[in-house]
Amino acid sequence: MNLGRIAGQTFIRRAMSTGLESFAVNSKKILGAALNYMDIVRERNVPVPKDPVVFLKPSTSLIQEGQDIVIPKVFTKVAHEVELGVVIGKKCKNVSRDEALSFIGGYCLALDMTAQCDLGEARKNGHPWSLGKGFDTSTPVSRLLKPEEIADPHNLDLWLKVNDKLVQEGNTADLIFNVADLISFCSKYMTLEPNDIILTGTPKNSLPVKNGDVIECGIGKLIKMKFNCKDE
Ligand SMILES: O=C([O-])CC(=O)C(=O)O
Ligand SMILES: [Mg+2]
């Protein structure tokens with residue numbers, strides 16, 4: 001029996017049935033940083049975080065181009081958050097900030113689709129909440145960007161348009177906790193494994209989308225992606 005071949009076939013079948021390319025289909029968890037830009041802290045009128053504010057999204061929330069963002073019936077306000085995603089390349093735990101970047105396998109452009117306020121109390125302070133962040137299709141991602149494609153992860157222009165209108169813009173130079181800070185911080189609590197994704201936070205407040213809206217977002221001219229939004 002050739003186990004390598006069987007594993008390969010299983011992977012191809014899974015990739016085809018999920019519509020995801022290899023890093024996303026093999027991603028076990030997605031960690032998200034919240035309130036990681038001063039603009040959003042100011043817009044929400046919340047205290048500046050002293051440590052990263054981190055939440056988890058399930059891998060079942062991942063989609064890639066060609067799939068739609070489906071707004072669940074249970075939510076009325078699902079907003080777009082354009083973000084830089086960091087993809088882990090090597091297993092790590094308790095890594096220092098100095099060594100953190102050596103565990104990166106690449107980057108991706110990501111959307112952290114978020115249901116705002118539908119269950120009021122849980123998000124009172126602008127803090128994340130599992131169901132509002134974790135629903136199916138809530139994490140659209142691009143292809144894997146190799147580290148050599150990203151000259152400096154802390155100088156990337158993020159932009160997002162809804163129906164051709166620019167509604168979110170920012171630069172990763174303004175991250176409160178940078179990529180090394182986030183990897184080191186998260187690795188104090190949980191083992192980071194290859195293909196896990198860390199979403200670094202959205203630069204500005206975001207607005208709810210509705211059935212029929214088209215979201216286009218990008219990192220400068222390096223990469224862009226487009227998704228249709230539809231009601232469940
Ligand atoms: O949606 C939120 O409240 C926080 C969040 O993910 C972000 O700042 O990127
Ligand atoms: Mg976010």
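Visitor: Where do I start? How many helices and strands does the protein chain have?

Guide: Start with the secondary structure. The protein chain of this predicted model comes to six helices and 15 strands.

Visitor: Of the 232 residues, what share counts as buried?

Guide: The share is 41%.

Visitor: Now a sheet. What is the order of strands in the open sheet of three?

Guide: The order is β8-β5-β13, and the pairing is antiparallel.

Visitor: Which strands stand at the edges, and why does one side of each lack a neighbour?

Guide: β8 (114-115) and β13 (208-209) stand at the edges. Each has a single partner strand, so one side of each has no neighbour in the sheet.

Visitor: How many bridges link β5 and β13?

Guide: Two bridges link them, in the antiparallel sense. Strand β5 covers residues 78-79. Look for Ala-79: this residue stands opposite Pro-208 in β13.

Visitor: How do side chains point along a strand?

Guide: In a regular strand, side chains alternate between the two faces of the sheet.

Visitor: What do β10 and β11 form?

Guide: They form a hairpin, with two residues between the strands. β10 runs over residues 157-162 and β11 over residues 165-171. Six bridges pair them in the antiparallel sense. As one landmark, Leu-158 stands opposite Gly-170 in β11.

Visitor: What is the phi of Asn-163 in the turn?

Guide: Asn-163 has a positive phi of about 50°. This residue lies in the loop between β10 and β11.

Visitor: Is Asn-163 buried or exposed?

Guide: Count the other C-beta atoms within 10 Å: a residue with 12 or fewer is exposed. Asn-163 has 11, so Asn-163 is exposed.

Visitor: Which residues is Asn-163 in contact with, leaving aside neighbours within four places in sequence?

Guide: Asp-213 and Val-214.

Visitor: How does Asn-163 sit relative to Ala-79?

Guide: They are 84 residues apart along the chain. Their C-alpha atoms are separated by 14 Å.

Visitor: Last, the ligand. Which residues are closest to ligand 1?

Guide: Ala-34, Leu-35, Thr-114, Gly-201 and Thr-202 are the closest. Twelve residues surround ligand 1.

Visitor: What classes make up that shell around ligand 1?

Guide: The shell has four nonpolar, six polar and two charged residues.

Technical notes
Residues numbered from 1 in each chain as written. Chains lettered and ligands numbered in written order. Predicted model: local features only at pLDDT ≥ 70, side-chain atom pairs only at ≥ 80, totals over all residues. Pairing = 2+ DSSP bridges. Helix = DSSP H or I, 4+ residues; strand = E, 2+ residues; numbered from the N terminus. Near = placed C-beta within 6 Å. Nonpolar A, V, L, I, M, F, W, Y, C, P; charged D, E, K, R; others polar. Buried ≥ 20, exposed ≤ 12 C-beta atoms within 10 Å, placed from the backbone. Contact = placed C-beta atoms within 7 Å.
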